[in-house]
Amino acid sequence: MTTLRPATNPTIMQNTPPQPPAWKEQTAVVTGGADGLGFAVARRLAARGVRIVLLDFNQPALERAQAELGAGTLAVQADVTDHAAVRRAIDGAAAQTGITVNALAPAVIFTDLVAKMPPEQVKYMTDKIPMGRCGTKEEVAAITEFIVSPENSFTTAFAFDMSGGRATY
């Protein structure tokens with residue numbers, strides 16, 4: 001009879017991934033977080049117990065978003081095209097080591113901006129998307145939830161494609 005024992009090889013033990021943090025131990029910095037796609041993402045993550053830092057240039061919209069998301073939400077007025085301002089905002093939010101930085105590259109997402117476009121313009125854009133439609137804010141929030149989730153704690157410096165299959169522009 002053969003007895004199976006757990007591996008005790010130190011190399012294997014060293015390569016065991018750490019336990020991912022719980023949602024409530026995470027902080028998400030959401031650029032453009034005062035409305036639209038950014039706010040949809042912030043709302044979804046806040047529902048998971050994630051601490052939210054909203055970055056946006058629109059102060060009144062930031063105040064409304066912060067009030068809706070509730071206590072613990074930090075709202076920082078910053079122009080995300082100003083890298084120094086973003087760095088200061090992240091530092092001010094007490095970002096810690098172990099931060100993962102990923103991006104989402106969406107195609108046309110149905111937002112208020114798209115809703116105001118002439119239908120022929122929207123058709124022109126969606127005709128180039130193999131899925132044949134706009135993405136939704138909820139889809140953006142869902143993929144972002146995965147991107148920042150504890151289950152995806154090993155991925156960093158990656159751009160997630162959300163183009164409906166459109167590979168060229």
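Helices (H or I, at least four residues) and strands (E, at least two) are DSSP runs, numbered from the N terminus. Before going further, keep in mind that this is a predicted model: local features need pLDDT of at least 70, side-chain atom pairs count only at pLDDT 80 or more, and totals for chains, interfaces and linings use all residues. Residues are numbered from 1 along each chain as its sequence is written, and side-chain values use heavy atoms, with hydrogens and water left out.

Now for the buried side of α3, which spans residues 59-69: Ala61, Leu62, Ala65 and Leu69 are its buried residues. Look down the helix axis and these residues fall within an arc of 100°, so they line one face of the helix. That arc is taken over the directions from the helix axis to the C-beta atoms. What do they pack against? The buried residues of α3 pack against α2 (36-47), β2 (51-56) and β3 (74-77), where contact means heavy atoms within 4.5 Å.

After α3 comes Gly70, with a positive phi near 90°.

The buried residues of α6 are Val122, Met125 and Thr126. Seen down the axis of α6, they fall within an arc of 90°, so they line one face of the helix. The face turned away from that buried side carries the exposed residues Glu120, Lys123 and Tyr124. As for partners, the buried residues of α6 pack against α5 (112-115).

Zoom in on Thr126, which sits in α6 (residues 119-126). Thr126 counts as buried because its relative accessibility is 11%. Leaving out residues up to four places away in sequence, Thr126 touches Gly132, Arg133 and Cys134.

Next, the aromatics. Rings of Phe, Tyr and Trp (its six-membered ring) pair if their centres lie within 6.5 Å; planes under 30 degrees apart count as stacked, over 60 as edge-to-face and the rest as tilted. By this rule there are 2 aromatic pairs. Phe146 and Phe160 have ring centres 6.5 Å apart and planes at 85°, so this pair is edge-to-face. The pair links distant parts of the chain, with Phe146 in helix α7 (residues 137-147) and Phe160 in strand β5 (residues 159-162), 14 residues apart. Phe158 and Phe160 are also an edge-to-face pair, at 4.8 Å centre to centre and 80° between the planes. Together, Phe146, Phe158 and Phe160 form one aromatic cluster.

How buried or exposed are these rings' residues? Phe160 counts as buried at 12% relative accessibility, while Phe146 counts as partly exposed at 38% and Phe158 counts as partly exposed at 44%.

Ala157 lies in the loop between α7 and β5. Most residues other than glycine have a negative phi. Ala157 has a positive phi, near 60°, and is exposed, with a relative accessible area of 73%.

Finally, step back to the whole chain. It has 7 helices and 5 strands, and from the N terminus on the elements run α-β-α-β-α-β-α-β-α-α-α-β. Of the 169 residues, 31% count as buried. Among contacts between residues at least 6 apart in sequence, 59% join residues at least 24 apart.

And how far does the predictor trust all this? pLDDT is the predictor's confidence in each residue, from 0 to 100. The mean pLDDT of the chain is 83, and 82% of its residues reach 70 or more. Confidence is lowest in helix α1 (residues 10-14), at a mean of 49, and highest in α3, at 96. Over residues 1-13 pLDDT stays under 50, and the model has 2 contacts beyond four places in sequence for them.

Notes:
Buried means under 20% relative accessible area, exposed over 50%, partly exposed in between (1.4 Å probe, protein chains only).
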